[in-house]
Amino acid sequence: MKINIVGRQMNVYEDTRLLVEKKLAKLDKYFKSGADPEATVTLSRKNNVSCVDVTINAAGTLFRSEVRADDFRDAMDQTVEHIEGQIRKNKTKLAKRLRENVMDMSIIPDAVEEADEDEIIIRTKQFEFKPMSPEEAIMQMNLLGHSFYVFKDISTGETCVVYARRDGAYGLIEPMK
């Protein structure tokens with residue numbers, strides 16, 4: 001696994017880099033050797049609280065976890081547990097979506113406010129639109145831990161949005177024809 005470690009408003013020392021690499025090495029068993037997933041780890045510390053944000057891109061499927069703890073060791077432990085939980089929970093969905101040569105499914109056990117008018121855009125993100133079904137988009141949204149996900153519908157070719165409703169169900173927004 002290729003690991004990129006970024007420190008936000010802090011220096012990342014060698015012992016912290018080794019800790020991150022050691023903890024993320026536990027996730028290598030879920031990916032086959034030719035898959036070569038990429039992990040981006042962002043470390044920050046504010047008000048004596050350590051924050052670890054890990055995003056793993058494996059063949060276009062993103063796994064993400066953000067954890068705050070008293071120290072980076074605890075935060076990394078919780079992050080790895082969270083991502084392993086995502087993989088276990090979505091085992092069958094991932095098996096269908098990912099190419100067989102990317103993930104090793106044999107080792108995964110079965111799973112059980114309003115905005116102010118004067119706000120400005122503080123962050124811009126760009127991502128690749130990939131054609132997928134609404135079910136795949138819901139899975140991707142859940143893996144990222146977001147409340148909505150924008151995607152290109154594989155059957156219509158239209159840009160759509162799936163979102164998590166307050167009642168626990170999901171909604172789909174499609175453009176009018």
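Okay, some ground rules. Residues are numbered from 1 along each chain as its sequence is written, and side-chain values use heavy atoms, with hydrogens and water left out. Because the model is predicted, local features need pLDDT of at least 70 and side-chain atom pairs count only at pLDDT 80 or more, while totals for chains, interfaces and linings use all residues.

When I say helix or strand, I mean DSSP runs, numbered from the N terminus: helices are H or I with at least four residues, strands are E with at least two. Two strands pair if DSSP finds at least two bridges between them.

Let's begin with E1 and E2. They pair in the parallel sense, over seven bridges. If you want a spot to look at, asparagine 4 stands opposite threonine 40 in E2. Then E2 goes on to E3: those two run antiparallel, with nine bridges joining them. Here serine 44 has cysteine 51 in E3 as its bridge partner.

Yet asparagine 47 has a positive phi near 55 degrees, and asparagine 48 has one of about 60 degrees. Are they buried or exposed? For the cut-offs, buried means under 20% relative accessible area, exposed over 50%, and partly exposed in between, with a 1.4 Å probe and protein chains only. Asparagine 47 comes in at 71%, so it is exposed, and asparagine 48 counts as exposed at 62%.

On to the inside. A nonpolar core, for us, is a set of buried Ala, Val, Leu, Ile, Met, Phe, Trp, Tyr and Cys residues joined through side-chain atoms within 4.5 Å. The largest one has 26 residues, and Leu24, Val41, Leu43, Val52, Val54, Ile56 and Phe63 touch the most other members. Helix H1 (14-25), E2, E3, E4, helix H2 (72-89) and H4 each give two or more residues to this core, with H2 giving the most, six. Take isoleucine 56: leaving aside neighbours within four places in sequence, its contacts (heavy atoms within 4.5 Å) include Met1, Leu27, Phe31, Pro37 and Ile83. Apart from that core lies another, of nine residues, with Ile138, Met141, Phe151 and Val162 among them.

Next, the other set of strands. Four of them form an open sheet in the order E5-E6-E7-E8, with mixed pairing. Which strands are at the edges? Strand E5 (131-132) and strand E8 (170-173), each pairing on one side only. E6 and E7 run antiparallel and share five bridges, and lysine 152 has threonine 159 in E7 as its partner. Their hairpin has five residues between the strands, and glycine 157 in the turn shows a positive phi of about 80 degrees. E7 and E8 are antiparallel too, through four bridges, with tyrosine 163 partnered by glycine 171 in E8. That hairpin also has five residues between the strands, and glycine 168 takes a positive phi near 95 degrees.

Last stop: the pocket. We work on a 1 Å grid over the protein atoms alone; a pocket is an open set of points where a 1.4 Å probe fits, with protein on both sides within 12 Å along at least five of seven lines, and lining residues have an atom within 4 Å of a point. Points are joined across faces, edges and corners, and volume is the space filled by probe spheres set on them. The largest pocket comes to about 1400 Å³. Of its 35 lining residues, Thr55, Arg64, Arg123, Lys125 and His146 are the closest to the centre. Which element supplies the largest share of the lining? That's E2, with seven residues. By class, the lining has twelve nonpolar, eleven polar and twelve charged residues. In that count Ala, Val, Leu, Ile, Met, Phe, Trp, Tyr, Cys and Pro are nonpolar, Asp, Glu, Lys and Arg are charged, and the others, Gly among them, are polar.
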